[in-house]
Every structure is written in structure tokens, then in C-alpha cells.
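Student: Could we go through this model together, asking of each description how it was reached?

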Amino acid sequence: MNPIEPASPHAEVRRGLEGVVADKTSISEVDGQRCQLIYRGYHIDELVGRAAYEEVSFLLLQGALPTRAQLAEWTAQLAAATALEPTLLALLQSLPRRAEPMAILRTAISFLGISDDAGDAAEVSLEAIRRKAVRTIALTPAIVAAIGRMRAGEPILPPKAGLGHAANFLYMLLGGEPNRQAVEALDAYFVLLADHGFNASTFTARTVTSTHSDYYSAITAAIGSLKGPLHGAANRKAMEMLTEIGSDEQVEPYVQRTLADHKRFMGFGHRVYKGEDPRAKHLKAIAKRLGEAAGEPKWFTISERLQEAVWRAKKLYINVDFYSASLLHYLGIPTELFTTMFACARMAGWSAHVIEEASDSRLIRPLALYVGPRDLKFVPLDQR
Ligand code: CMC
């Protein structure tokens, strides 16, 4: 079809763009039939627990795993960009403390677009985008930790030299030296959520980039998309659901109530995967270990009972957000911050997609099938 023609009334409308292949990518493959997720050729099972987020973010952005020297340089670049600049700190402190964390994060990232130290926020060369990506990947956990500290009425903590990406986040949010199990758990969470094909937020970032707009606009828009409960906020909603259930015995009544009210089970179902989300088993195993170590297996056992009950009732598989909920809870992260944790992880994927889109882009501009009235005659205002 000629792209400038209106859509034919017989055109097939693919609502939600379901099944539409919008472009090519070499960043990640979401294989819905085989329930596999691949980053740059590596199955996530190969990476999780073996590669740190620093390595995986390098892989996603640069296309190959780093050598030891490349990793050292990349880690140093990230570490150098982690501290909050005074203007950003002042902005965060000026916002209402109880404001929604994702709204604060969206505002903060948008602000980075006008405080870029080199004064070239709008520059769209690939080198400039890479530099902005390093800055944003490094700063996002610091922003999220600062949001958490301010909500708790605690002083903001600067990053600690020598700690890695995940460890530094835990330090900046919770204070004190984070234990090894917690660091490994968060690192694995960041790795598992680092990228996921053309999901809604990534596609949003690519759409913005396809207009030749700037990196920060693309990431700000992506955060707005992730904020929705059908996407990133499902992890927060899943924790609220577990909290509402409260005990093993309440699982079945909750399931029956939810079915009767025609509501959705948060952390269940997926547009692409026809079976279980390949990230879920890893998150489940980590949540289980954390629950046992904390001597508080309750949230894990409620989750497991719920997983079984929803399967029996509706044959729905869990998705990435389901066991993210108990995992993040066990790490001591407040529920209101959960979706911003997803954003911390996805920053690498979004950035890689902005670079890929910017390097070979065509304006993203689908058609709509008009179904409104036609041939109406204008009626002057005083006659309506
Ligand atoms: N609970 C109850 N029913 C569900 C659910 C669910 N979680 N997911 C799908 N269904 C039902 C839905 O009600 C519908 O039934 P019916 O045809 O009788 O109305 C049918 O399945 C198809 O639903 P759909 O919304 O057309 O399917 P979709 O492919 O667009 O849905 C989804 C994908 C993720 C939006 C949906 O499964 C959902 O709302 N899940 C809950 C929210 C969630 O966990 N989101 C995280 C998604 S994965 C990670 C991420 O992107 O952040």
C-alpha cells in the first residue's frame, strides 16, 4: 500500500499492533513460541548469575561482551557518572516528597536533557547518544535511591567508591555495606530486565528517536510508557496483591473474588510468550533463596500458592513482574519504588534501542482506519 494513501476500509486492523513486525533489531530476541530471551546472541540463561549488569549493559550497547580492559573502562565511566549533580539534587529536593516515584524519575530524566554538562543535550550523533546513555544508566539508580531516601525522610547518600552498580544502589538506598546475596540478587534482576525486544516502552523510545528527536526525550517518553500497570507498574501491583492476600489461606478466596470481579491478576499473562516467561524461573529461585535467608518465606509461599491457583483457575502463566515483587520486597526496597527499579534495569535496553534506531532510522508512522462520520456540513456556532 502506498503509505500516503488513507487505510482502506477493508484493511486489517491489528489492535495493539499484535503480531506486527515493526522493524529488525540485533539487540534482543523475544521468542514467544519457544519462550526464550536472547541478548545479542546469548540466551539469558547463559548470562544470569555469571555476568554483572555492567557487562550486560556493555553487551547491549556495544554488541559484544567486554574484554577485561573494556569492562574496567566501562565500569569506571559508569562510576564517574553516578553522583547526583547539585542542580539535579536541588530539583529532586524541590519536588513534593510524596509524589509518585515514576513521575519524579520521568521529571529527573527530562531535566537531564537540559542540564547535560557538555551543553549538547539535543545532539543526535551516535557518540553523543552513547555518552548520554552512560550518564543516564549510571545516574538512574542514584536518582531512585534519592527518591527512596527522601520519601523515608532520610538524608540522601552519595555513591560509595569501589562498589559496583547493584551494590552501590543498595548502599545509596539502605545505607551500610550490602550483603553479597542481596547484591547478586539485584544484579541478576537488573540483568534479566535489561532488555526485551519491542515492548511498549522501548517502542515508545524508538518512535521518538525516529523523529530525530533527542535521547533524553526518548527515555523520558519510555518512562511514561513503563509507568502503566499493564507494563512496568505490574511489579508494584503484584506486591500490592500479595499484601492484600496476606496469608496462604487467603489465596483461593482472592482468586475467586478476582475472577468474579473480572479483574486481572497482576504479573500474569503476556502478549508474546505462549508459555512461561523465561525470566520468571530465575526470579522465582532468587526470591525463594532471599525469603529463606530472611527467615520470612511468607511472601514467596503466597506467591507460589497464587501461581498454582491462577493456573488451575485460568491457565495463565506468570510473567517477569510476578516474582520480581517478592524479590524486590526481600531486598528491602519499598513497594512504591518497584517500577523505578524496572526503569533502572531497562535503561541499558532503551539506550541500546535509541542507538540502533538513530543509526538507521525511518520515521515510525502507522496508519489508522478512520471509522468516524464523513461529509458533515459545517454549522455556524450560533446555529448549533
Ligand atoms: N489476569 C486475568 N485475565 C487475563 C490476564 C491476567 N493477568 N491477562 C490476560 N487475561 C485475559 C484477559 O482478561 C482476556 O480475557 P477475555 O478475552 O476473556 O477478555 C484475555 O486474557 C486476553 O487479554 P488481552 O489483554 O487481550 O491480552 P494481551 O495479550 O493484550 O495481554 C497483558 C497482555 C500483559 C496486558 C495481560 O496479560 C495483562 O493485563 N496482565 C496483567 C498485567 C501484567 O502483569 N503486566 C506485565 C506484562 S509483562 C512485563 C512488562 O511488560 O512489564
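**Surface, fold and one residue**

Tutor: The accessible surface of the chain comes to about 18,600 Å², an area from the Shrake-Rupley method with a 1.4 Å probe, where for residues only the protein chains shown count as cover, and 54% of that surface belongs to carbon and sulfur atoms. This is a predicted model, in which local features need pLDDT of at least 70 and side-chain atom pairs count only at pLDDT 80 or more, while totals for chains, interfaces and linings use all residues. Residues are numbered from 1 along each chain as its sequence is written, and side-chain values use heavy atoms, with hydrogens and water left out.

Student: Why is H165 called buried?

Tutor: Buried means under 20% relative accessible area, exposed over 50%, and partly exposed in between (1.4 Å probe, protein chains only); H165 has 9%, so H165 is buried. Of the 384 residues of the chain, 48% count as buried.

Student: Which residues does H165 touch, leaving out those up to four places away in sequence?

Tutor: With contact meaning heavy atoms within 4.5 Å, H165 touches Y53, E54, I137, A138, P141 and F190.

Student: How many helices and strands are there in the chain?

Tutor: Helices (H or I, at least four residues) and strands (E, at least two) are DSSP runs, numbered from the N terminus, and the chain has 16 helices and three strands.
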